[in-house]
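Colleague: I have a model open on my screen and would like to walk through it with you. Could you take my questions one at a time?

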Amino acid sequence: MDQSTLFIITWATPLFGLVAFALAYSMYASIKALPAGNARMQEISEAIRSGAIAYLKQQAQYLLFFVLCAFLAIWWALKLPTAVTFAFGAGSSLLAGYLGMRAATMANVRTAHAASENAPGQALMVAFNGGAVMGLTVAALGLIGVGVLFLIYGTPAHHEPIIGFAMGASSVALFARVGGGIYTKAADVGSDLVGKVEAGIPEDDPRNPGVIADNVGDNVGDVAGMGADIFESYVTCLIGCLALAATLGSDQVQRLTAYNPTVVGSVEESYRIWLMATPLALGLLGAISSFIAIKWMALLKDGDPAKALRTTVLLASVFFVAACLGLFVITPVNLSLWWPVIFGTVCGIGIGLTTEYYTSSKPVYEIVAAAKTGPATAVISGIAVGFRSVALPLIIIVGAVLVSNYFAGVYGVALAGVAMLSTTGIIMTIDAYGPIADNAGGISEMSHLGPETRAITDKLDALGNTTAAIGKGFAIGSAGLTALAVFGAYTQTFTSANKHIDLSITNPMLVAGVLLGAVLPGLVVCFTMQSVGKAASLIVTEIRRQFREIAGLLEGKEGVKPDVSRCVEISTKAALTEMRAPGLIAFIAPLIVGFVMGPAALAGLLLGTTVVGVVLGIFMSNTGGAWDNAKKFIEQGLVEGEKKGSDAHKAAVVGDTIGDPFKDTSGPSLNILIKMVSILSLLIAPLLA
């Protein structure tokens, strides 16, 4: 067996991560060199940037205590190397979000300036490249982190510390996503309720004290929070597959590689290491494919924006699948592994296209039609569309699971999950594009750049709702596949220790665990929705106070400005306070169930959390996206006989307001919950065996 190829792959992974990091910085510098507009635009952009940085710094301080406590607990229970990798993963997750936020808050004002120059193609390109900085950074940090740890611990007997990296990324990502989501939606909902619904002023009107906090929230929630989310999803997929390969039975190693125990010199461990390294190789090829697709966007920028973004994702996927064929030809793993890669990639694309349909096509017009008879019917129609949107993605996931299992067993399922997120560079790019376009619209409105500019940014923003929903679809779909892979590694841990656990449906402990697992997503949704509601109420009260007490503010009297810092302060405090309960529940529940009720109950907890979490996650993300675009379709004049300010528009605004925490707080938190429960279960499995 050619060990030189394995050597090249394992070293190329972290090295290309460094190259991707350099490419991201180069792209950041090229965006920074673009004109940033007039003094008013730069003032607003700086207020957004400083607010976002201030929040992330405070969030990091809050999380430091949690990370330190977890570090000491893991050191005590699982030894120092795992504790160190946990801290490494936590720091990498925070860094991914922070760097992406810096790029987004720099690209937003330049996107607005390009739109003001009546250059929609250039505006699209600036927003896309701003997202690409985030996409390349997430991929780079994942390749560097997992790649370096594989070089140190990449053997079947010593791989456990690598799991700590995924645990660190998951735990911090949950707090970051929930906290950022509470921040952005509290400010958004509060600003819309008083500004658009009560006062009848435009969205992002500079008279509204909450609009700066709203735009800050786009960056701390939809950029930094989502960056930590996708980073966590990416590394958990890689590490879940790697851990499964380390614990596979000998018969599976024979099935999946060229290993033949009857041949002299054929060593099972060498072939097993190849299976462990395969997800890293997929991550490497996916990052290269993503970069090619990102550069290809320059040829597509002047066409239809939706088609251009869709084309980049498809190109990255085609390059990736073709490269994987070459990989499996030159390595000692079986060519049959190519099929899970194909179906995992197709699964991701299928979920993306389905999400695009339900959040930007015919179902949105159904909600608009329902809005003509009032807010209640708009909400009912949106909920119906959301639940309908769950069916096809789940059927696609089931198909990917069955085909992948047929060709390569549970390892094939894990590989399909890796394939789905291997092109995370382009997935994160189109996801981060959305909040940049949204911020550009806000800056345009607050800078009085005129309706022509706002028309361009609104079109980009409406597309951003769809791209954000697609990113969340990838994340939740990969969560289901990763959870199944981790479930296999979890059960194999007990088999390797010669300990039997009863996973039959007649075992009451398993059933109890399933029911408890089904409770977790509901509790997280409950806490996050309540948190947004409470924080939004504080914002509403503050905006009403300022409109009432600051003379001339609502009338737009020259020289009268709102106290935006107060709304930023309220959102920051509320987010940091309210993020704790959902994060701690997700962390503590698996520990209690595992150590009190036993390993079978913990397996059930993982199963119940996965099933309910996937359904709720897809439903909430798609419902919120469809409600948001229903409002925007009316505002853009796409609905005959309806316009901004009409009764149907007001009803659609109500649906959009309800959908905000659906799509940007509660829904996205569930895919992290699934993976956090999965990876924590795998981490403590040796203690239960």
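Colleague: Is Gly517 buried or exposed?

Modeller: Happy to start there. This is a predicted model, in which local features need pLDDT of at least 70 and side-chain atom pairs count only at pLDDT 80 or more, while totals for chains, interfaces and linings use all residues. Residues are numbered from 1 along each chain as its sequence is written, and side-chain values use heavy atoms, leaving out hydrogens and water. Buried means under 20% relative accessible area, exposed over 50% and partly exposed in between, with a 1.4 Å probe and protein chains only; Gly517 has a relative accessible area of 0%, so Gly517 is buried.

Colleague: Which residues does Gly517 touch, beyond those up to four places away in sequence?

Modeller: Gly517 lies in helix H15; helices here are DSSP runs (H or I, at least four residues), numbered from the N terminus, and strands are E runs of at least two. The C-alpha atoms of Gly517 and Leu607 are separated by 6.9 Å, although the two are 90 residues apart along the chain. Taking contact as heavy atoms within 4.5 Å, the residues that Gly517 touches are Leu605, Gly608 and Thr609.

Colleague: At what angle do H5 and H16 pack?

Modeller: Axes are lines fitted to C-alpha atoms, for helices over the stretch in contact, and angles run from 0 to 180 degrees between N-to-C directions. For H5 (residues 160-199) and H16 (residues 564-578), the axes are 8 Å apart and the angle is about 145°.

Colleague: How do the residues of the contact of H5 with H16 divide into nonpolar, polar and charged?

Modeller: From H5 come Gly179, Ile182, Tyr183 and Ala187, and they meet Val568, Ser571, Thr572, Ala574, Ala575 and Glu578 in H16. Ala, Val, Leu, Ile, Met, Phe, Trp, Tyr, Cys and Pro count as nonpolar, Asp, Glu, Lys and Arg as charged, and the others, Gly among them, as polar. On that basis the residues of this contact are 6 nonpolar, 3 polar and 1 charged.

Colleague: Which residues does Thr572 touch, not counting those up to four places away in sequence?

Modeller: Thr572 lies in H16 and counts as buried because its relative accessibility is 6%. Its C-alpha is 9.4 Å from that of Leu56, a residue 516 places away in sequence. The residues touched by Thr572 are Tyr55, Gln58 and Tyr183.

Colleague: What covers the buried residues of H16?

Modeller: The buried residues of H16 are Cys567, Val568, Ile570, Ser571, Thr572, Ala574, Ala575, Leu576 and Glu578. What covers them includes H2 (39-78), H5, H6 (211-247), H15 (508-549) and H17 (580-597).

Colleague: Where is the kink in H19?

Modeller: H19 (residues 647-688) has 42 residues and reaches 59 Å from its first C-alpha to its last, close to the 62 Å expected at 1.5 Å a residue; the expected span is 1.5 Å times one less than the number of residues. Of its 42 residues, 36 are buried. The bend at a residue is the angle between axes fitted to the seven residues ending there and the seven starting there. In H19 a kink of about 35° comes shortly before the proline Pro661, at Gly659.

Colleague: What is phi of Lys79?

Modeller: Most residues other than glycine have a negative phi, and most peptide bonds are trans. Lys79 lies in the loop between H2 and H3 (80-116) and is exposed, with a relative accessible area of 62%. Lys79 is not a glycine, yet its phi is positive, at about 80°.

Colleague: And what is phi of His448?

Modeller: His448 is found in the loop between H13 (424-446) and H14 (451-496). At a relative accessible area of 62%, His448 is exposed. His448 is a residue other than glycine with a positive phi, near 60°.
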